[in-house]
Amino acid sequence: MDPTSWPVLIAIAIGVFFVMEWVAWAAHKYIMHGFGWGWHKSHHEEHDELFEKNDLYAVVFSILAISLFVIAAFGHPIVGAIAVGITLYGLFYFIVHDGLVHQRWPFRHIPHKGYAKRLVQAHRLHHAVEGKDGCVSFGFLYAPPVDKLSAELRSRGTVGEEKAARKAKTADAHPL
Ligand SMILES: [Zn+2]
Ligand SMILES: [Zn+2]
């Protein structure tokens, strides 16, 4: 089969789409919550601004996809299929993460049932921990069952510790 025929190119794009979930999971867990925390931190803090430093990650991925499209335009259809897969993932990521979870669009829609609800709840649990360490659920399009994530969070005890630390801080600020 000709590797540049349409069915093969479509299969490559779909494959890349799913591989990207793994890439995003690993980047989120090991880069963004690792040495890249400097940019990602902004996403784990409350703020009123429209943009966060964390959006730079989306910019980096966009530049990567655009570069691949440019290469594809010079007669490399397989590279083009990879670029399409990455772009589709970016689109779904934007809809699920920035849209459904963080409501960064001008209309309100919160899924109340099905898999979309599970995705939203799982990512909310990712944000349940304040700091860089001890977080759960690093994926975006696949989420483990919410009960499992809650149990994992409880067993780590990070949320409880943070709450206790906050309480201690406010007690310091307002001595009775
Ligand atoms: Zn995170
Ligand atoms: Zn988030």
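1. Gln103 is found in the loop between α4 (77–101) and α5 (114–126); helices here are DSSP runs of H or I with at least four residues, strands are runs of E with at least two, and both are numbered from the N terminus. Gln103 has a positive phi of about 50° although it is not a glycine. With 12 C-beta neighbours inside 10 Å, Gln103 counts as exposed (buried means 20 or more other C-beta atoms within 10 Å of the residue's own, exposed 12 or fewer, partly exposed in between, with C-beta atoms placed from the backbone).

2. This is a predicted model, in which local features need pLDDT of at least 70 and side-chain atom pairs count only at pLDDT 80 or more, while totals for chains, interfaces and linings use all residues. Residues are numbered from 1 along each chain as its sequence is written, and chains are lettered from A and ligands numbered from 1 in the order in which they are written.

3. On the overall fold, the protein chain has seven helices and zero strands, and from the N terminus its elements run α-α-α-α-α-α-α. The C-alpha trace spans about 75 × 30 × 30 Å along its principal axes. Of the 176 residues, 19% count as buried. Among contacts between residues at least 6 apart in sequence, 52% join residues at least 24 apart (a contact means C-beta atoms, placed from the backbone, within 7 Å).

4. Ser137 sits in the loop between α5 and α6 (146–156). Is Ser137 buried or exposed? Ser137 is buried, as 25 other C-beta atoms lie within 10 Å.

5. Helix α1 covers residues 6–35 and contains Lys29. Lys29 has 14 C-beta neighbours inside 10 Å and so counts as partly exposed. From Lys29 to Ser5 the C-alpha distance is 36 Å, for a separation of 24 residues in sequence. Gly34 is also placed in helix α1; it has 12 C-beta neighbours inside 10 Å and therefore counts as exposed. Gly34 and Asp133 are 99 residues apart along the chain, yet their C-alpha atoms are separated by 8.8 Å.

6. How do α1 and α4 meet? Their axes come within 7 Å and cross at roughly 50°, where axes are lines fitted to C-alpha atoms, for helices over the stretch in contact, and angles run from 0 to 180 degrees between N-to-C directions. The two helices α1 and α4 are therefore oblique to each other (under 35 degrees counts as roughly parallel, over 145 as roughly antiparallel, 65 to 115 as roughly perpendicular, and the rest as oblique). The α1 and α4 crossing is right-handed, a term for the near helix being turned clockwise from the far one by less than a right angle, with anticlockwise being left-handed. The α1 side of the contact includes Leu9, Ile12, Val16, Phe17 and Met20, and the α4 side includes Ile78, Ala81, Ile82, Gly85 and Tyr89.

7. Helices α4 and α5 pack at an angle of about 75°, with axes 10 Å apart. They are therefore roughly perpendicular to each other. In this contact α4 supplies Val96, His97, Leu100 and Val101, and α5 supplies Ala116, Leu119, Val120, His123 and Arg124.

8. The buried residues of α5 are Leu119, Val120, Ala122, His123, Leu125 and His126, and they pack against α4 and α6. Helix α5 has 13 residues that should span 18 Å at 1.5 Å a residue, and its end C-alpha atoms are 19 Å apart, which agrees (the expected span is 1.5 Å times one less than the number of residues). Helix α3 (residues 55–73) has 19 residues and reaches 27 Å from its first C-alpha to its last, close to the 27 Å expected. Just after α3, Gly75 takes a positive phi of about 90°.

9. On the record, an unreviewed UniProt entry annotates residues 6–27, 56–75 and 81–101 as "transmembrane region"; UniProt positions follow the numbering used here, feature names are shortened, and annotations may be inferred rather than shown by experiment. In the model, residues 6–27 are 100% helix and 0% strand, with end C-alpha atoms 30 Å apart. Residues 56–75 are 90% helix and 0% strand, and their end C-alpha atoms lie 30 Å apart.

10. The unreviewed UniProt entry also carries the annotation "domain: Fatty acid hydroxylase" for residues 16–141. Over residues 16–141 the chain is 64% helix and 0% strand, and the end C-alpha atoms are 14 Å apart.

Definitions and conventions:
Contact = placed C-beta atoms within 7 Å.
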